[in-house]
Amino acid sequence: MTDAVPTDTARYRQRWIDRCERYGLIVVWLVVIAVFGIAQPATFLSWANFSTIFGSQAVLVVMTLGLIVPFTAGDYDLSIAGNLTLSSMTIAVLNVHAGWPILAAVTAALLIGLLIGLVNAFVVLYFRINSLIVTLGMGTFVHGITLWLSNSNTISGIDFTLTKAIIVTRLFGIPLAFYYALLVAMIIWYVFSFTAAGQRLLFVGRGRDVARLSGIRVTQVRAITFVVSGFLGSLSGVLSVGSLGGADPNSGLSYLLPAFAAAFLGATTIVPGRFNPIGSVIAVYFLVTGITGLSILGVSTFVQDLFYGGALIAAICVSQLVRGRQEMT
């Protein structure tokens, strides 16, 4: 018995479903903007508000991008929040207390991020321990180091050069931090889409045993993802300390849940069923738009946790549904 040939109606319906999956989140984002715009047009629809939305979330965007790299290979990096905090605190301690030039302090922070990524990769791959457990422990360990370095105090007075390069200088009214985050997203998009390394990463994420039989060095690919995640975690720390002009020993923890929510929500759009940088950026700004709109309407701050937590659960459910449908087709 031969398989039925899809009719024009069936093909049209399939294309419509595919478009809804790809661009549904963008449509919902526009609807959210319209709703809040109607409710508070003078405040919400002002350029000042959108400039703040876009310019203030570079740290979250870069952290989310750091998460999706190991996610794509089937691994987790829960240490990225602690990495952010330690990197920002390293800059503060070296620049403010030790008198290091800001460029040297930033370089040291980025090297620390790479070191954290290397340690994660070694422990996970050499001892064959679940990355969730290892990176959770590493994140807690790194947070302890941060509290020790800072004596549990916020350090301010960072060289204004860094703040100027990240948040003060603007292009089209939006801080440069926004464009740095977009640049990181475009680099990851290019690597994922047009390079052999990106294709090997996707193969590893789909099935490590099959990838290994195909000649891909699975261990090497996974190790690189941890290193990249470590670097992007420290880069998010640089953006954080530059945006705030100081370092808070607990600042990174507040980004972890939103970053997870954005990563999984981003996997439901643009390339449904796959972690992708463009979808992640859209997801970040969708979530932040909702939080900002609710704040303007005077909703209590606890709604932020409800919004992020609910978005994470919904995104995971939708991702699973999309992947299940793709496996059936």
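F172 is exposed, with a relative accessible area of 66% (buried means under 20% relative accessible area, exposed over 50% and partly exposed in between, using a 1.4 Å probe and protein chains only). This is a predicted model, in which local features need pLDDT of at least 70 and side-chain atom pairs count only at pLDDT 80 or more, while totals for chains, interfaces and linings use all residues. Residues are numbered from 1 along each chain as its sequence is written, and side-chain values use heavy atoms, with hydrogens and water left out.

To find F172, look in the loop between β2 (170–171) and β3 (174–175); helices (H or I, at least four residues) and strands (E, at least two) are DSSP runs numbered from the N terminus. Its backbone is worth a look too: phi of F172 is near 60 degrees, a positive value in a residue other than glycine. Most residues other than glycine have a negative phi. N151 also has a positive phi, about 55 degrees, although N151 is not a glycine. N151 sits in the loop between α7 (131–150) and β1 (155–156), and with 59% relative accessibility N151 counts as exposed.

## Helices α6 and α12

Two packed helices are described by the angle between their axes and the distance between the axes. For helix α6 (residues 102–126) and helix α12 (residues 218–244), the angle is about 150 degrees and the axes are 7 Å apart. Axes here are lines fitted to C-alpha atoms, for helices over the stretch in contact, and angles run from 0 to 180 degrees between N-to-C directions. α6 and α12 are therefore roughly antiparallel to each other (under 35 degrees counts as roughly parallel, over 145 as roughly antiparallel, 65 to 115 as roughly perpendicular and the rest as oblique).

The crossing of α6 over α12 is right-handed; a crossing is right-handed if the near helix is turned clockwise from the far one by less than a right angle, and left-handed if anticlockwise. On the α6 side, the residues that meet α12 include V106, L110, G113, G117 and N120, and their partners in α12 include R222, F226, G230 and S234 (contact means heavy atoms within 4.5 Å). Sorted by class, the contact of α6 with α12 has 14 nonpolar, 6 polar and 1 charged residues; Ala, Val, Leu, Ile, Met, Phe, Trp, Tyr, Cys and Pro count as nonpolar, Asp, Glu, Lys and Arg as charged, and the others, Gly among them, as polar.

L111 is also found in helix α6. L111 counts as exposed at 53% relative accessibility. Between L111 and F231 there are 7.6 Å in space, C-alpha to C-alpha, and 120 residues in sequence.

## Helices α5 and α12

Helix α5 (residues 80–97) packs against α12 as well: their axes come within 7 Å and cross at roughly 50 degrees. α5 and α12 are therefore oblique to each other, and their crossing is right-handed. I80, N83, L84, S87, S88 and I91 of α5 make the contact, with α12 residues that include S229, G230, G233, S236 and V241. In the contact of α5 with α12 there are 5 nonpolar, 10 polar and no charged residues.

T90 belongs to helix α5. T90 is buried, with a relative accessible area of 6%, and touches A109, I112 and L149, not counting residues up to four places away in sequence.

## Helices α13 and α14

Helix α13 (residues 253–266) and helix α14 (residues 277–296) cross at roughly 125 degrees, with axes that come within 7 Å. α13 and α14 are therefore oblique to each other, and α13 passes α14 in a right-handed crossing. Among the residues that make this contact are P258, A261 and L265 of α13, together with S280, A283 and F286 of α14.

## The nonpolar cores

The largest nonpolar core has 84 residues, of which L65, I91, L162, Y285 and L287 touch the most other members. A nonpolar core is a set of buried Ala, Val, Leu, Ile, Met, Phe, Trp, Tyr and Cys residues joined through side-chain atoms within 4.5 Å. Helix α4 (residues 58–72) supplies the largest share of this core, 11 residues. Leaving aside neighbours within four places in sequence, L65 is in contact with A181, V184, A185, I188, L232, P277 and S280. A second, separate core of 5 residues includes A121, L125, V134 and F226.

S56 is in the loop between α3 (47–55) and α4. S56 is partly exposed, with a relative accessible area of 39%. S56 and A177 lie 7.8 Å apart in space, C-alpha to C-alpha, although 121 residues apart in sequence.
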